[in-house]
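Work through the exercises below with the sequence and the coordinates open. Each task is followed by its solution in steps.

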Amino acid sequence: MTGTNKNVSPPPAYRIFISSTFVDMIPYREALQSAIVNCDSVAYGMERFVPAPIRPLDRCYEEIAGSQIFILLLGHRYGEIDEESGKSFTELEYEKAKEIGLPILAFLLDTDKVGTPAKFRESDVQYEALIRFKNGLKNSKEITVGDFASEKDLQ
């Protein structure tokens with residue numbers, strides 16, 4: 001038989017959850033979302049959330065559970081800390097993805113190259129937590145971590 005089969009459906013798009021702090025990572029999240037769309041996949045993250053009668057962290061967990069890939073971006077900030085666990089929402093999202101066995105792609109902003117603007121500086125406690133989290137990722141035997149210094153690098 002020659003020709004193409006018009007009844008064949010395209011492969012389903014991957015649903016990819018992007019986890020990061022927000023304010024310091026806006027241009028990187030946008031670059032990553034663009035790259036994901038160019039791969040015929042769908043990026044999910046806090047930008048898509050609408051008001052709902054559910055705790056924001058629980059909403060994140062629901063979105064992570066409905067995803068096929070988890071991308072972690074760490075930059076200048078550790079982020080908002082969950083009072084119950086003492087960990088940032090970003091770290092808790094990473095732990096959830098790990099717990100349910102999602103493939104994890106972790107990218108760390110090379111702040112030695114790009115610096116950290118004063119407006120993104122957090123408390124010493126949060127900075128130390130960020131360094132601990134980054135070092136834990138770098139030393140992980142479960143995932144390989146990539147570095148980036150620009151939106152183009154990340155794409």
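**Exercise 1.** How many nonpolar, polar and charged residues are in the lining of the largest pocket?

Solution. The model is a predicted one. By class, the lining holds 7 nonpolar, 6 polar and 8 charged residues. The space in this pocket is about 370 Å³. Its lining has 21 residues, and Thr111, Tyr127, Leu130, Ile131 and Lys134 are the closest to the centre. Two or more lining residues come from each of β4 (104–109), α4 (111–114) and α5 (124–138). The largest share, 7 residues, belongs to α5.

**Exercise 2.** Describe the second largest pocket by volume, lining and class.

Solution. Step one, the volume: about 260 Å³. Step two, the lining: 16 residues, with Ser20, Met46, Glu80, Phe89 and Thr90 nearest the centre. The elements giving two or more of the lining residues are α2 (56–65) and α3 (89–100). Step three, the classes: 8 nonpolar, 5 polar and 3 charged.

**Exercise 3.** Which residues make the nonpolar surface patch of about 290 Å²?

Solution. The patch is made by Phe22, Val23, Ile26 and Met46. Phe22 sits in the loop between β1 (15–19) and α1 (26–38). A patch member needs over 30% relative accessible area. Phe22 has 31% and counts as partly exposed. Met46 is also among the residues nearest the centre of the second largest pocket.

**Exercise 4.** Locate the salt bridge between Arg77 and Glu122, and classify both partners by accessibility.

Solution. The side chains meet at 3.5 Å, N to O. Arg77 is in the loop between β3 (69–74) and α3, and Glu122 in the loop between α4 and α5, so the bridge ties together parts 45 residues apart in sequence. Buried means under 20% relative accessible area. Glu122, at 19%, is therefore buried. Arg77, at 22%, is partly exposed.

**Exercise 5.** How many salt bridges does the structure hold?

Solution. The count is 9. One of the pairs is Asp58 with Arg55, at 3.1 Å between the closest N and O atoms. Asp58 is partly exposed at 28%, and Arg55 is partly exposed at 39%. Salt bridges also link Arg15, Arg59 and Glu63 in a network.

Notes. Residues are numbered from 1 along each chain as its sequence is written. This is a predicted model: local features need pLDDT of at least 70, side-chain atom pairs count only at pLDDT 80 or more; totals for chains, interfaces and linings use all residues. Side-chain values use heavy atoms; hydrogens and water are left out. On a 1 Å grid over the protein atoms alone, a cavity is a set of points where a 1.4 Å probe fits but cannot get out, and a pocket is an open set with protein on both sides within 12 Å along at least five of seven lines; lining residues have an atom within 4 Å of a point. Grid points are joined across faces, edges and corners, and a volume is the space filled by probe spheres set on the points. Helices (H or I, at least four residues) and strands (E, at least two) are DSSP runs, numbered from the N terminus. Ala, Val, Leu, Ile, Met, Phe, Trp, Tyr, Cys and Pro count as nonpolar, Asp, Glu, Lys and Arg as charged, and the others, Gly among them, as polar. Patches are made of residues with over 30% relative accessible area and no salt bridge: like charges are joined within 9 Å, nonpolar side chains (Val, Leu, Ile, Met, Phe, Trp, Tyr) within 5 Å. Accessible areas come from the Shrake-Rupley method with a 1.4 Å probe; for residues, only the protein chains shown count as cover. A salt bridge is a side-chain nitrogen of Lys or Arg within 4 Å of a carboxyl oxygen of Asp or Glu. Buried means under 20% relative accessible area, exposed over 50%, partly exposed in between (1.4 Å probe, protein chains only).
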